[in-house]
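Here's a quick briefing on side-chain pairings and a few local contacts. Have a look at the model first, then go through the notes below.

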Amino acid sequence: MCLAIPGRVEQITEGDVRMGRVNFGGVVKNVCLDYVPEVVVGDYTIVHVGFALSRIDEKTALETLDLFEKMGALEEELAGEEAIFARAASAQPSPCPDGSCEPSAEDSPKVDQAGSPVSK
């Protein structure tokens with residue numbers, strides 16, 4: 001999953017690229033703030049893949065963080081590199097990593113536009 005997550009800007013560093021330290025419910029990450037020049041320390045912003053995309057109000061940000069946490073999405077999205085590697089290492093390996101055991105289009109049931117089965 002790849003979500004845009006709200007976070008609170010805690011620090012801003014001006015330079016060639018405007019960067020900030022953003023707190024996502026306790027996890028602090030470096031974020032590019034170039035696309036949101038209006039954001040100041042204390043503001044909430046929506047962040048996707050390390051880039052702040054827009055400024056949002058605190059109430060909406062906190063409600064969204066709470067919802068994502070209840071869904072279990074925050075842990076997955078904000079996991080550090082070590083946690084990601086550990087999760088991948090403990091995952092069951094695919095029985096056919098080359099995709100050879102995936103059903104082909106020929107094996108799939110045929111349906112019409114309404115989704116009703118069509119005989120061959």
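E63 is partly exposed, at 45% relative accessible area (buried is under 20%, exposed over 50%, partly exposed in between, using a 1.4 Å probe and protein chains only). Its salt-bridge partner is K59, with the closest N and O atoms 2.7 Å apart. Bear in mind that this is a predicted model, where local features need pLDDT of at least 70 and side-chain atom pairs count only at pLDDT 80 or more, while totals for chains, interfaces and linings use all residues. Residues are numbered from 1 along each chain as its sequence is written, and side-chain values use heavy atoms, with hydrogens and water left out.

**Salt bridges**

- A salt bridge here is a side-chain nitrogen of Lys or Arg within 4 Å of a carboxyl oxygen of Asp or Glu, and that rule gives a count of 4.
- Side chains of opposite charge can pair when their charged atoms come close.
- K59 and E63 both sit in helix α1 (residues 58-71), 4 residues apart, or about one turn of the helix; helices (H or I, at least four residues) and strands (E, at least two) are DSSP runs, numbered from the N terminus.
- K59 is exposed, at 56% relative accessibility.
- R55 bridges to D43, with the closest N and O atoms 3.1 Å apart.
- R55 belongs to strand β5 (residues 51-56) and D43 to the loop between β3 (27-32) and β4 (44-48), so this pair ties together parts 12 residues apart in sequence.
- D43 is buried, at 11% relative accessibility.
- E14 pairs with R18, and their closest N and O atoms are 3.0 Å apart.
- Buried or exposed: which is E14, and which is R18? E14 is exposed at 57% relative accessibility, whereas R18 is buried at 10%.

**Aromatic pair**

- The structure has 1 aromatic pair (Phe, Tyr and Trp rings, the six-membered one for Trp, with centres within 6.5 Å; planes under 30 degrees apart are stacked, over 60 edge-to-face, the rest tilted).
- The rings of Y35 and F51 have centres 5.8 Å apart and planes at 40°, so the pair counts as tilted.
- Y35 is in the loop between β3 and β4 and F51 is in strand β5, so the pair ties together parts 16 residues apart in sequence.
- Y35 is exposed at 57% relative accessibility, and F51 is partly exposed at 34%.

**Around N23**

- N23 is in strand β2 (residues 19-24).
- The N23 side chain reaches the backbone nitrogen of G26 at 2.6 Å.
- Neighbours within four places in sequence aside, N23 is in contact (heavy atoms within 4.5 Å) with G7, R8, E10 and V28.

Terms used: Polar contact = N/O pair within 3.5 Å; in protein donor to acceptor, adjacent residues only side chain to side chain.
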